[in-house]
Structures are given as structure tokens and as C-alpha cells.
Amino acid sequence: MFLRYDGTFEGFLTAAAAALRAPPGVCLLRPDDPPPLLPVEEAPAEAGLADRLGAYLAERLGPEVPATVYQAWLSGMPGVDDAIVGFLRIGLARRTDPSGLLQDPTVRTTVKAARRTGREAHAYLGLVRFRLRGSLYFAEIEPDTDVLPLLGDHFAERFHDQTFAIHDLRRNRAVLHPAGGGWEIAAVGEGTHGEEGLDARAGAAGAVAPVDGFEAMWRRYFDAMAIEERLNPGLQRNHMPKKRWRHLVERPGAAQAASDARRASGAPRRP
Amino acid sequence: MDTIEKLAILGDAARFDASCSSSGSSRSASPGAGVGSTVAGGICHSWTDDGRCISLLKVLLTNHCDYDCAYCRNRSSNDVPRAAFRPEELAMLTVEFYRRNYIEGLFLSSGVVRDPDHTMALMIETVRVLREEHGFRGYVHVKVIPGCSQEAVERIGLLADRVSVNVELPSGRSLTALAPQKTAAGIEAPMGYVAARVAANRDELVRYRGAPAFAPAGQSTQLIVGATPDSDAQVLRLSKRLYGRFALKRVFYSAYIPTNEHPLLPAVSSAPPLLREHRLYQADWLMRFYRFDAEEIVEPGKPNLDLDLDPKTAWAMRHLDLFPVEVNRADYETLLRVPGIGVVSAQRVLAARRLARLRTEDLKPLGIVMKRARFFLTAGGRYAAERVPQADELRLMLADAVGQKGYAPLQLRIEDLPGAAGPTVGAFPRAGAFADAPSPLAAPAPFAAERLLLPGA
Ligand code: SF4
């Protein structure tokens, strides 16, 4: 049996609950999944289910289960929806947090997916770069997993007096935070350039400031920190893969390139 | 001089300090006042081309220095470009970088201007402006100048998250020879004061929650390796003593990069001992998280660590009679001593074998590095490798590839830390994601396990 939900987390939980009530074999579909050959049923989202089910799972299976489920779901990895259902089925049958049972493929997929999202969200706590436009602090990211909902609290707390926006270019959504207010996630129209749309939405005043002197300072500082005797681009990319460089203000790789150029021209290492 | 020029000079001058961590302090923002927060596990914001994490704005307040330490580029007898930040200038720069999310906070160190207390007064003023005038609640780590007064340590401890003193040279003899203006007492006195004050503060906070926090993230230090003839055994014994006596959070090891010609130091053309530094970090982890003692890590009669094998594997090779161990039975301490099993995978073994008996094919998914572990394990009585190799053969197979690469400091990811609950972000959807969802407490319990499990209910 195929069950299609609306692509929201609440929709997913409704569908997952239905799948758990049925015998194994129900497959969940997101709206953009290609339609299978067999008939598909629709699972309408049930409002408020996320909180209630979260509390239930935390109490029944352990305090970490709701976060595991949510973060696994946010990964959007192929097959993860069905894996989560399998994961919960095992947990409910054993009345325990099944995360330790990594021998089981559904548990393994779920735990891996959750870890992937969690790790990427943690990385973005550091990698988000706000660029100052008028009074708006504006960031663009292109994460593999849907990390936005995991970033809001951290940045809203830390920068509570700043008006900021974090735009996920891949999903056309953004965290919006007016100075002193709460945060929300809003869709950003496809095609319109995010920055302008958000300027208006986040209520930021004023013209676009052409240059922010602190960006040049940060780049200069970043370049000064590399130690030529220790250059190790492999290690750098292990921690910060190249795909994450695009929206940074600093320019990773510049010190390595300069060192290569010096060596090619036979000049000595820097004094 | 422009701020940007100062930044280039004073960042460059500070970059050899290995510590950059922003961990150990957890402070939420205060609504309506100031800016910033700290996160217990710390956050890396970028990685330089040498692969080291940038978490804090690491700079010297000034690289003018009246001292003449033989190993230091900023010593008074060197002709290098000099600069100095004004306290307000550096405080403002920190806040502006912070608001753009470049950094977690400030790591402040300095050359010695006039005398230790005068230098400390300038550093204290910088952090005071940052905290009081900018309301900055992010992370601040300050390097105390050896030889300063107790009052200065007290004042900076009340302003900073972490306060530390660099030991730098691993023996008193090396210190006298290479840093004539510093004394062991001048280094140990502030370390002792911080240790005692942090411990007392913990009690104060228990009794009275509003007590001002003193260096809530504790202290760390740095040892330079390869500048002096001190052996790994001496270095590790010193670390053990420092951890024990001063309750340090971390000892950092920094491979010496020769910068000045000096009869007692390696020639300027010689390469920094990066692999040795890496092995010391591994040994340090064994002491802190794997319950090894310094004396077990170095081989009796050999003062330096084996560069070909990581120290845990080297230990196992000296104790082959204790292996293989049965993964379904071995206790936690024993598992931790198996090459290829880390803190996290050992915990996973404990969790997984409670639920089912482990077979050899179950071990890799638990995160065990089978390439190494298979020679030291049985699962359900079955040896995990195809056959038992000879000791020499085993040694060759276990030598890691690290030796061939230039290696940078071992920076562990947060999920490698024992007991780390993983990244510090997001649990279930929180405020904002489902802003209008009713409180779970108000709603009747929606599910019972029975209902979930009953088909079609
Ligand atoms: S005190 Fe010694 S190590 Fe520190 S900056 Fe001055 S010369 Fe360098």
C-alpha cells in the first residue's frame, strides 16, 4: 500500500501513525515522489500531532527518540520515511529506544540520517555568514539536509537584537527574525531574488550598503592565520568540504595557492 | 595604522597558539541586553588552509615585547613589524565579527609591555569594554601573562570564560635557558590561583546561584614540543601532573616551528615535528578518555613514542597476550583498549549487545574500525580476522598512513567526545516550526502502544 502525505512533518507523522497501525509493508510518499504503478491513498496532516506524538514517544521510548525521528526526517534521504516507520515499529515492540540496534537496517538508516542532519546543522551554526545590507543581516546557505528549523533558536537567541534572515537557496525558504521578535520560516518566491524579497519581509529599512569593511578585515585575518609549514588542504576539506565554501566571506585555499605559486617560481617561503 | 593592518600583524603573531576551542561554557543570551551566547561543546566557524579550526578571534593585543624568549618571533631582539590595538578598537572589532557570525568570541594574548601587570591591565580593560560597554556574552579566553599579580588574575577571571597560562617549555632547565625573564614560579602561581578559584567558585555557585562566575570554562595550557631535548615521556608525565594538580581542561601540544637561529634550538631550516605532535595528542586522549596512565603509554626504556603506530596500538602490540577479547563479554575498560574501538563505538557495543548477541558482521556498523580491531577481537567465539598473524606482520599491517601525510593537530569532532549527546541543535520541532500547535499537555494522550500496533485499529 502507498500512502502519500503533504510533505510536512505533521503530515509525515500522521502517515507514519497510519502505517504503524497497519501490518508492515506500507510505503510513504512525499508529494514530489514519482507516482508508483499501484494506487495511492492520501494521508491528511493532523494538526498538533507533532507535539503530542513527540511527548508520547519521549515518554514511551526515551527522551532522544523524538529528536532522532525529526532529524532523520529532515535529512530527506531516499527511503528514510519508511526506515523511520520500521525504527518506530521496533522501538514500540520492545518499548525502548531502538537507536542502539544498529544491526537492523531500518535503525541504521534512521540513526545515520538523523546524525547527518544533526551534524550538518551543527556545522551551519558556524558556517552561516551574515552580510550586512542596510540594517539587515542576510545569509545564504545550500545545505544537503533541511537544517533551517534547527538553526532558528540558536541564532534568534544569540542575535536577538538583530534583524536577520537565513535563506536556504535549495529549498527556497528562509528563517526570518525581526530585531527583538520571534523567528519563523517563510517561503521565498522562486525566481525573485531572495535578498530583495526578504528585505521587504523582514522589515529592514534602508538602502543596500555597497561595501562592508569588516568583510575585507575578516578575509585578511583568515589569510594571516594559515601556517605555511603546516598547510594541509586535505584536512581542511575534511572539516569543511569545498561545497560549503561558496557562501563564505573568507577565501579558503588562498594560502595554499600562494604557497604553490611561490614554490613554482622558486622563491623562498615567507619570512 | 589602520585596523586591518593591525589585524594582519597581530593575527599572524598569535597564530602559533594551538588552542582555539570555544568549549566548556554554556551561557544563554539575556533578553533585552547585549549580544551573544556560548555553547557547551563549542562551535568551529572556519578552517584555515592548514586544517585548523577557527572558533575565536585569536590575536595579540600587541606584539611589542620587552622579553627576549629565544623561540619566539616577537622577542625584543627581532626586527619584525609591530602593532598594538587600543582596547576599544579590539572590543569593537570582536563584536562586529561576532554579529556576522565569523567567530564565537575572542582569544586574547599579548607580548609583555613594560611589565606583566601593566600588560594585564590593558588586557583587562579590553575585555571590560567588551563585556560592559558592548554587553558581549560570547566566549572570551585570555592568556595570563606569567609573573602577574593575583589581583590581575582575579579580575580577568571574573570577565573571561577561560583563563590560562602557557607552560610552553616542558622543563625548568629549558625555561631558564630559553626564556630567561620567565620563571617556573611565575607560571605556576597564576595556574594554582585559577585552579583554586575555579573550585571555590563551584561551591559558591551551589550555595548562591547569583555568585559571579570565575572562569567557568576552566583553564588550559600549551607545551611546545621539539624546541628542546625533552622527551615524550617527560612531556606526558608533565601533562599528567598538570591535569591532576591544576585541573586543566586541555593541554595543547604545539610542534615547534623554528624561527630564530640559536645554539640551543633546531636550525631554522628544519621541519616542525608534526607527526610527533600528533602522537602526543593521541597519547593525551588515552590519558583523558581511555583510562590509560602516562607510564603505560611510553614503552619502558624508550623515552619517545613510536612514530609508526598510534600509541594505543603500540600498547596492544606490547600486550598481545591479553588479546583477543570477546566482544560480547569484555567490559567497557577492556573494550576501550582494543585498537579500532573508540569511546563512542565502545558505548555502542554495550548498547547493541544488550539487545542481541553480536556477530563479526555486526561490528562495522557500530563504528568499529575493523581494519585494526579484527586482530584483537572474537565475536561469539569466532576470531574476527581470517587468521592470526605473526607479530612483525601485524605491526606492518597496523602502521597507519598518518606518518606519510603531514599531520595537523588532532581536532576531534563533537560526536567523538565521550558522553556528547551529539550536536547541540534542535530537538523536536520547536517554537516557530509549528507555532500554532496546541500544547501536548492540553491534549488527551493520543496514542497507546497497543493502538499503534493493532492493525487497522
Ligand atoms: S614573552 Fe616571550 S614568548 Fe611572549 S611574546 Fe614576549 S618574547 Fe614572545
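First, the term cavity: on a 1 Å grid over the protein atoms alone, a cavity is a set of points where a 1.4 Å probe fits but cannot get out, whereas a pocket is an open set with protein on both sides within 12 Å along at least five of seven lines, and lining residues have an atom within 4 Å of a point. Grid points are joined across faces, edges and corners, and a volume is the space filled by probe spheres set on the points.

What you see is a predicted model, in which local features need pLDDT of at least 70, side-chain atom pairs count only at pLDDT 80 or more, and totals for chains, interfaces and linings use all residues. Residues are numbered from 1 along each chain as its sequence is written, chains are lettered from A and ligands numbered from 1 in the order in which they are written, and side-chain values use heavy atoms, with hydrogens and water left out.

Now the cavities. There are four of 30 Å³ or more. The largest cavity holds about 810 Å³ of space. Its lining takes in 40 residues, and those nearest the centre are A13(B), Y71(B), C72(B), N74(B) and E168(B). The most, three residues, comes from β8(B). For residue classes, Ala, Val, Leu, Ile, Met, Phe, Trp, Tyr, Cys and Pro count as nonpolar, Asp, Glu, Lys and Arg as charged, and the others, Gly among them, as polar. The lining of the largest cavity then has 23 nonpolar, eight polar and nine charged residues.

The second largest cavity has a volume of about 80 Å³. Of its 11 lining residues, C20(B), R52(B), C53(B), I54(B) and K58(B) lie nearest its centre. Both chains take part here: α8 (213-225) of chain A, along with β2 (53-54) and β3 (56-60) of chain B, are the elements that give two or more residues to this lining. By class, the lining of the second largest cavity is seven nonpolar, two polar and two charged.

Next, an open space. The second largest pocket contains about 690 Å³. It is lined by 31 residues, with G7(A), T8(A), R30(A), W73(A) and D146(A) closest to its centre. In chain A, β2 (27-29), α3 (65-75) and α4 (80-94) each supply at least two lining residues, and α3(A) has the largest share, with four. The lining of this pocket counts 14 nonpolar, seven polar and 10 charged residues.

On to the domains of chain A. Their bounds come from an automatic or database domain assignment, and they are domain 1 (2-122), domain 2 (131-201) and domain 3 (213-265). Six residues of domain 2 are in contact, meaning heavy atoms within 4.5 Å, with six residues of domain 3.

What holds charges together across these two domains? Side chains of opposite charge can pair when their charged atoms come close. A salt bridge is a side-chain nitrogen of Lys or Arg within 4 Å of a carboxyl oxygen of Asp or Glu. Domains 2 and 3 of chain A have four between them. In one salt bridge, R131(A) pairs with E215(A), with the closest N and O atoms 2.6 Å apart. R244(A) also forms one with D144(A), at 3.8 Å. R244(A) is in the loop between α9 (233-239) and α10 (254-264) of chain A, and D144(A) in the loop between β5 (136-141) and α6 (148-158), so this pair ties together parts 100 residues apart in sequence.
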